[in-house]
Amino acid sequence: MNLSERDKKHNWHPYTQHKTAQDFPAIVKGKDALLWDENGKEYIDAIASWWVNPYGHSNTIIADAIYKQLTTLEHVLFGGFTHDKAVELSEKLMEILPSNQQKIFYSDNGSTAVEIAIKSALQYNYNKGIKKTKVIAFEDAFHGDTFGAMAASGISFFTEAFKGSLLEVVRIPVPTFGNEEKALQVLENLVKTNDFAAFIFEPLVLGAAGMVMYQPEVLDKMIAICNQNNVFTIADEVMTGFGKTGKTFATDYLENKPDMMCLSKALTGGTIPMAITTFTQEIFDGFYDDDTNKALFHGHTFTANPTGCAAALASIDLLHTNEMQDNIQRVHQSHLTFETKIKNHPKVKTTRVLGVIFALEVKTDTAESYYGTMRTKLYNFFIENGVILRPVGNIIYILPPYIITENQLQKVYQTIENALEIV
Ligand SMILES: *Cc1c(COP(=O)(O)O)cnc(C)c1O
């Protein structure tokens, strides 16, 4: 039996209906933007393995940093101890985060980063004897799959089975072009009720919704409305962080800065699972007290894992090299050129680009569901042609490693053009 066949015996895959799923390619090697399966077939990883891998697979600079850390101090508990890499990483983050972000809380993945932000918003109010127990989030938001993060997520088939067991979250429209005023109005009405501890959002791009984009100006207004009404703002930059939008963080496009930020995915260059929630001094101070019960009683066994911190330090250094910044610009320019070429194609409804993110909506007669037939057809076509793209319904998007070569990008574009002929 080959790996694909052996896999089916015991492995349960994410977001997978195993009864109808085909055998999955077994990847045995990766280098830069390329992956190879057990049969030697080559794939271009055009979505950076779920957006985690900006600097390419098997990056030796990050690998060396990890090896050095593994053979110096692989792990030590962060409860009651600290270590050099956590200190260095928090200091480095201070250089690149919005200046109001002052405190760093480590965890393991995007969902936990979101849980920690939501719990802090609720407990901050609880510590002060204020009753604010609800959260505001966008329709179609995605914030992760644990209970709090799932409650904040609006893509219903992810959360349908758990309705009734979730934190109370009220949804507002995404302020896409033409919907700004409506979204602002709904937000304004909600925050006046004084029931809400926080507004959580994916800044400028809703990733899992299909790279749905909106403008910084309207988000600035939304943050201002929350600030005026003492509702904390949580920027979930798990997808957008570390260069995806063309700036280090999507919030770098804003005048008004959020109270909290959630980071993960590209934080360690796609190597070690790690996440960070960042806070203003004001939020931290809401827990700072002689009363032990007012502390944030949250932690994970691998909190601030030194190997993860070392990987993050090396990754952030890589991001800020001229070479990597040039790569981001190059990918962005190529996307714009492709957009100009493809946007008038008869099968294309809309296109959008921000930073290294490109998205295209295919025209359909019927509403396409998230994992519907068009999506399956497109996905299979891409895999057959050696390009890893995971369309969301009728939306095809590209979010490649920044180091993808121009030739590889052209192959991705050509494969998308070819795919438009089969749907
Ligand atoms: C992927 C994602 C998450 C969840 O991260 P996990 O590491 O999968 O738990 C949360 N928020 C956003 C915006 C994401 O894209």
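Which residues in α3 meet which residues in α11? The close-ups below start there. This is a predicted model in which local features need pLDDT of at least 70 and side-chain atom pairs count only at pLDDT 80 or more, while totals for chains, interfaces and linings use all residues. Residues are numbered from 1 along each chain as its sequence is written, and side-chain values use heavy atoms, with hydrogens and water left out.

**View 1. Helix α3 packs on helix α11.** α3 spans residues 60-70 and α11 spans residues 306-319. Helices here are DSSP runs (H or I, at least four residues), as are strands (E, at least two), numbered from the N terminus. Ile61, Ile62, Ala65, Ile66, Gln69 and Leu70 in α3 meet Pro306, Thr307, Ala310, Ala311, Ala314, Ser315 and Leu318 in α11. Contact means heavy atoms within 4.5 Å. By class, this contact has 10 nonpolar, 3 polar and no charged residues. Nonpolar covers Ala, Val, Leu, Ile, Met, Phe, Trp, Tyr, Cys and Pro; charged covers Asp, Glu, Lys and Arg; the others, Gly among them, are polar.

**View 2. Geometry of the α3 and α11 pair.** The packing angle is about 150 degrees, and the axes are 8 Å apart. Axes are lines fitted to C-alpha atoms, for helices over the stretch in contact, with angles from 0 to 180 degrees between N-to-C directions. The two helices are therefore roughly antiparallel (angles over 145 degrees; under 35 is roughly parallel, 65 to 115 roughly perpendicular, the rest oblique). α3 passes α11 in a right-handed crossing (the near helix is turned clockwise from the far one by less than a right angle; anticlockwise is left-handed).

**View 3. Thr271 in the loop between β11 and β12.** Thr271 touches Ile62, Ile66 and Ala311, not counting residues up to four places away in sequence. Thr271 is partly exposed, because its relative accessibility is 39% (buried is under 20%, exposed over 50%, partly exposed in between; 1.4 Å probe, protein chains only). His57 is 214 residues from Thr271 in sequence, yet 8.7 Å away in space, C-alpha to C-alpha.

**View 4. Lys265, between β11 (260-263) and β12 (275-279).** The unreviewed UniProt entry annotates Lys265 as "modified residue: N6-(pyridoxal phosphate)lysine". UniProt positions follow the numbering used here, feature names are shortened, and annotations may be inferred rather than shown by experiment. Lys265 is partly exposed, at 24%. Beyond four places in sequence, Lys265 touches Trp50, Trp51, Val52, Val238, Met239 and Gly270. Phi of Lys265 is near 30 degrees, a positive value.

**View 5. Ala48 in helix α2 (residues 48-51).** Ala48 has a positive phi of about 45 degrees. Ala48 is buried, at 1% relative accessibility.
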